[in-house]
Amino acid sequence: LAALAGSGSLHAEISREYQLKAAFLFNFTKFVEWPARRFADERSPILIGVVGENPIGAALADLVTGRLVNGRPIAVAYPKNTGEMQRVHLLFVARGEEDRLTELQSSGTTVVLTVGESDRFAELGGMINFVVADEKVRFEVNLATAEKHGIKISAQLVKLAARVRR
Amino acid sequence: MMPRSAMRHFREFPIRRKLTLITVAISGVALLLACGVFAWQEQANFRRTMARDLGVLANIFADNVASGLAFNDPASMEQTLRTLAANPRITGACVYDSGGTIVARYDRDAARTRFAFPGREPDGQRFLNDRLETFRTVMLAGEPIGAILVASDLSELHERAWRYLTNVGMLLVGCSLAAWLLAWRLQKIISGPIVRLAETAALVAVGRNYAVRAVKTTHDEVGALIDGFNEMLTQIQVRDAELEAARDQLERRVEERTRELERENADRRRAESALRESQALYHSLVEQMSAGVFCKDREGRYIFVNSWFSRLTRTPVEQFIGRTGAETAEIQRRGRATDEAEASQFAADAARDHDLIMRTGQRLESQERYFDPEGRVIHLHVVKSPVFDPDGTIVGSQGVLLDITELKRAQDEAAREHARFKFIFDAVPVGLTWMKVGAPDTRIVNAAFAHITGVPLERCRELELFRAATHPEDQARQDMLHARLSAGETDHYECEKRYLRPDGSYCWAALSVRVFRDVEDGSIEEIATLVDIDERRRSEAKLAHSLSVLHATLESTVDGILVADLHGRVTVFNRKFAEMWRVPLAVLEEGNDEKVLAIGTAQLKNPPAFFEKVKHLYAQPDAESFDVLEFADGRMFERYSQPQRIDGVSVGRVWCFRDITERRRAEAELELTHRQLLLASRQAGMAEVATGVLHNVGNVLNSVNVSTILIADLVRLSKIDRVAKLRDLLAQHRHALGAFFDSDPRGKQVIGYLETLAGHLENERNDTLREIESLRKNVEHIKDIVAMQQSYAKVSGVAEKIAVADLVEDAIRMNAGALTRHDISLVRDYRARPTVTVDKHKVLQILVNLIRNAKYACDEAGRIDKQMIVRVAAENSRVRISVVDNGVGIPEANLARIFQHGFTTRKHGHGFGLHSGALAAKELGGALTAHSDGPGRGATFTLELGIESHTSTS
């Protein structure tokens, strides 16, 4: 019984962490500027892709329903191949799915804000990487990669980063 | 506005000062107004600018904290807010999340004071006392995500206001000074001529000099005024001369007239004062009288009533004045009898009386009845008389009403008092007589007196009759006593004397005579009482007789008797008492109760107890007691005490003593005999138990005997000798055993024979062992029986706690052999299993006895289904052990005698089994009872014991 209760609370812990990360993903869209060519018009949605088995997708779907960012709705997608990954504006690569980032990178120039949650992801050249320090969710920013791909990350966001690579 | 007093002062100022002041005031007010408007406008502008600046600042910071708020990073937001320190006017700022909670704050004076951060407000700006607050919603990507507050202090605003005030003050002082200097110089143009005219007018007013004239210098309104003033002075001079002449004449005339008037006035005042004094005296007299006074004019109209009259009629004085009696009848009715007719009758009477007085001038007196304000009847004496004028003509009538209620009441009371006295005097059973000495005609005598003396009531004034009725033997004595009274040696005497009856008998009476001398008129009254004491005299004689009988009785009884009153004092005793208690007669006759008690107490075995008892009984006058007193020398008295009562009330205590020493001795001997008998019976009982035990042992010994014989037989008839025969056979063929076994026909059978023999020998051994086991068991049984007997043979008399069931079982076991022998089926019916604390031996003795009796009863009945039930039942802390048999039963006649000593129905019975059983049961605090429905119907014996602990009393 005690073991069950323990596992229950562990589960809740994971959920809270991913709810927080989902909120961060949503907020990133407010501080990031994609080249205008990535959108058909002023009201085209921002697509957030999630790869890997992860509860973040559900949390994110709850969060973005009915909300607009600078007049754009948000949609959540689960890309199955490189083609689909290239279509999203923001791609969340769950831990253990870092190979997908490599796939995306090797597919040519893509204007996708990549967000991950592992050291390996950062080493592979992911743009924003979640780190958990002191039980708090923080993030690192790789400005160089982002700028190389034509994605502008607001100084407001950069100043909140735990670490910035230029 | 100037205060009123300042205004008054201002009016008294000279004109030149007024002019100066007015000028300065006007210029000052104008200046103040102008400065005020400018200052207000300046301040409003500044506030607007300040609010705008702060609004811009708030907007910038709202943008700057948006990311921190979005990513819930308070550190980042606070870092941003800290840049506000560059602006020293900003006192505090904070960031609210979308829920209104403060997530980051900046406080300029955090080190000294704490900024009181308000809750979130809608967007906008608020000027508070000491600060300006600006709220802005933080928007991110078109979405509100929180709010920011920036608060600025207002010190700069206040500093500016203060600076303005100082400048305006200084300006005002400077301007006023300049205005004053100018006004002071210029006012002289207007004030100069007016001042001079005023000086001239003052000269006229002070010096009454109407010859002076003012000098005209200007031709304006002041010039015209000076002309008019001069003209007025001229006219005054003319008028003054005329007035002077007229006044001198008038003064003389007025003086004369005044003197005349003063004389007249003094005369009149004296007369009026005298009149007032007399009127006041009359009025106060009439008002203070506790009598009603009224006065009517010719026509019968009231012209005066006093307050007493007004109170009596409960009508204000002014209601009477000017009205006739008839007119006030309605009013009067309230004060008099209640009904209308009576009221009009009063009015008519009053009118008639008035007419009569007016006509004849005669004085009328009558008595009238009124009700006072409390509704009590009051009686009035009314006197009505005419009123004459100085010429002797009747001009009206007057009346005086005197309250005579008290007098009336006193008269009535006296009459009643007399009636009461008369009744008592006539009805009292004591003879009473009263007279004035030397005047026999005044004598009154009541019926009792006449009855006792035998002198008829109507002849009570013939004094010699009383003397004649006196018994001749008492005459001389009474004459002597009466002579002393008459001589004035004493004022009273009492004597008991006899009065003769016509039939020659006489009756006793107690006479008491007393005289009262009137100091004023020297008359003497004599009062005598006479009480019939004949009955008492006869009772006394009877009492004397009764007493003599009582004394004779007291002296002839064998008991010692003492009677004491409630205080323990000896009132009656007899000689026997003195004898028994060895108290000298002299001490008793002396009535020295303490000494009697001391002598008695000294002889006793336990004086304090005796003393307590005596004290206790005296403290409870209604208690009776009976006890036995033991004397130190071995004597014993029965003491019986009973209250002495008169009409049910205790007045003393009767003590009765009887010497029971001899009786007690006899009883003690009886008790001893009884105890010896009891012991004998118990020993006998034990013998019976022993017999039972021996019988049991004998029974078992029989079995032992049988077993022994059997074993002996078994051994004797043993097949062991066959082995010997076989041995001999084998010995014969020792040298050719092989041939013997192979060829000899007997040799061939040896093996079969050996097998059979072995079987026999084995059986033999088993039988022998069985018998030996039986023998051992029987010996054990004997050991048990002997051990049990030993355990019961122990010293008895010690109470121990034991289960009733165990006791019963032991008793049954001790009879077990007999029961089996006589084929009696035993039924155990234990309905309870209580524990008792008893002398086990005694209970066992009783139970063994009961079981044995039941056995005999069953035996005697000779029936086949002999049955005995042993029952144990508990109820209300008592245990009942019943032994029920279906034997011969007990005839009703025998039931009563069954526990008597020596009663038995058995041929060999001792007749004390049940008797000692019953005694033992009693000693145990229990009871032994028997019940039977009659001969042949069985019997039930029940031993009842208390479950609570009971110690043997023996």
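For the helix pair visited below, an axis is a line fitted to C-alpha atoms over the stretch in contact, and the angle between two axes runs from 0 to 180 degrees between N-to-C directions. Please bear in mind throughout that this is a predicted model.

**Stop 1: the whole model, coloured by confidence**

The model as a whole carries an ipTM of 0.79 and a pTM of 0.35. Select chain A: the average pLDDT is 83, and 91% of the residues score at least 70. Within chain A, the element with the lowest mean pLDDT is helix 1 (residues 2–31), at 67, while strand 6 (residues 113–116) has the highest, at 92. Residues 1–11 of chain A have a pLDDT below 50, and this stretch makes zero contacts in the model beyond near neighbours in sequence.

Now select chain B, where the pLDDT averages 83 and 95% of the residues score at least 70. Confidence in chain B is lowest in helix 9 (residues 329–335), with a mean of 59, and highest in strand 25 (residues 878–885), with 92. At residues 949–954 of chain B the pLDDT stays under 50, and the model has 13 contacts for this stretch beyond four places in sequence.

**Stop 2: the two chains as cartoons**

Display chain A as a cartoon to see seven helices and ten strands. Chain A has 166 residues, of which 47% are buried. Of the contacts in chain A between residues at least 6 apart in sequence, 54% join residues at least 24 apart.

Chain B, shown in the same way, contains 27 helices and 27 strands. Buried residues account for 35% of the 954 residues of chain B. Among contacts in chain B with a separation of 6 or more, 52% are between residues 24 or more positions apart.

**Stop 3: helix 25 and helix 27 of chain B**

Select residues 840–861 of chain B, which form helix 25, together with residues 913–923 of chain B, which form helix 27. The two axes come within 9 Å and cross at roughly 145°. The crossing of helix 25 of chain B and helix 27 of chain B is left-handed.

Which residues of helix 25 of chain B meet helix 27 of chain B? Show side chains for Lys842(B), Gln845(B), Ile846(B), Asn849(B), Leu850(B) and Asn853(B).

Among the buried residues of helix 27 of chain B are Leu914(B), His915(B), Leu919(B) and Glu923(B). Just after this helix, Gly925(B) adopts a positive phi of about 85°.

**Stop 4: aromatic rings**

Over all chains, a search of the whole structure gives 28 aromatic pairs. One of the pairs to display is Tyr302(B) with Phe309(B), a tilted arrangement with 6.3 Å centre to centre and 45° between the planes. Tyr302(B) counts as buried because its relative accessibility is 4%, under the 20% cut-off. Phe309(B) is likewise buried, with a relative accessible area of 2%.

Next, select Phe631(B) and Phe637(B), a tilted pair with 4.4 Å centre to centre and 55° between the planes. Phe631(B) is buried at 1% relative accessibility, and Phe637(B) is buried at 0%.

Then select Phe24(A), Phe28(A), Phe31(A), Phe92(A), Phe130(A), Phe139(A) and Phe71(B), which ring pairs link into a cluster.

**Stop 5**

Is Asp559(B) buried or exposed? At 9% relative accessibility, Asp559(B) counts as buried. Asp559(B) lies in the loop between helix 15 (534–556) and strand 16 (560–565) of chain B. Leaving aside residues up to four places away in sequence, Asp559(B) touches Asn574(B), Lys576(B), Met580(B), Cys656(B), Phe657(B) and Arg658(B).

Finally, select Ser344(B), in helix 10 (residues 340–360) of chain B. Ser344(B) is partly exposed, with a relative accessible area of 42%.

How values were computed: Residues are numbered from 1 along each chain as its sequence is written. Chains are lettered from A and ligands numbered from 1 in the order in which they are written. This is a predicted model: local features need pLDDT of at least 70, side-chain atom pairs count only at pLDDT 80 or more; totals for chains, interfaces and linings use all residues. Side-chain values use heavy atoms; hydrogens and water are left out. pLDDT is the predictor's confidence in each residue, from 0 to 100. Helices (H or I, at least four residues) and strands (E, at least two) are DSSP runs, numbered from the N terminus. Contact means heavy atoms within 4.5 Å. A crossing is left-handed if the near helix is turned anticlockwise from the far one by less than a right angle, and right-handed if clockwise. Rings of Phe, Tyr and Trp (its six-membered ring) pair if their centres lie within 6.5 Å; planes under 30 degrees apart count as stacked, over 60 as edge-to-face and the rest as tilted. Buried means under 20% relative accessible area, exposed over 50%, partly exposed in between (1.4 Å probe, protein chains only).
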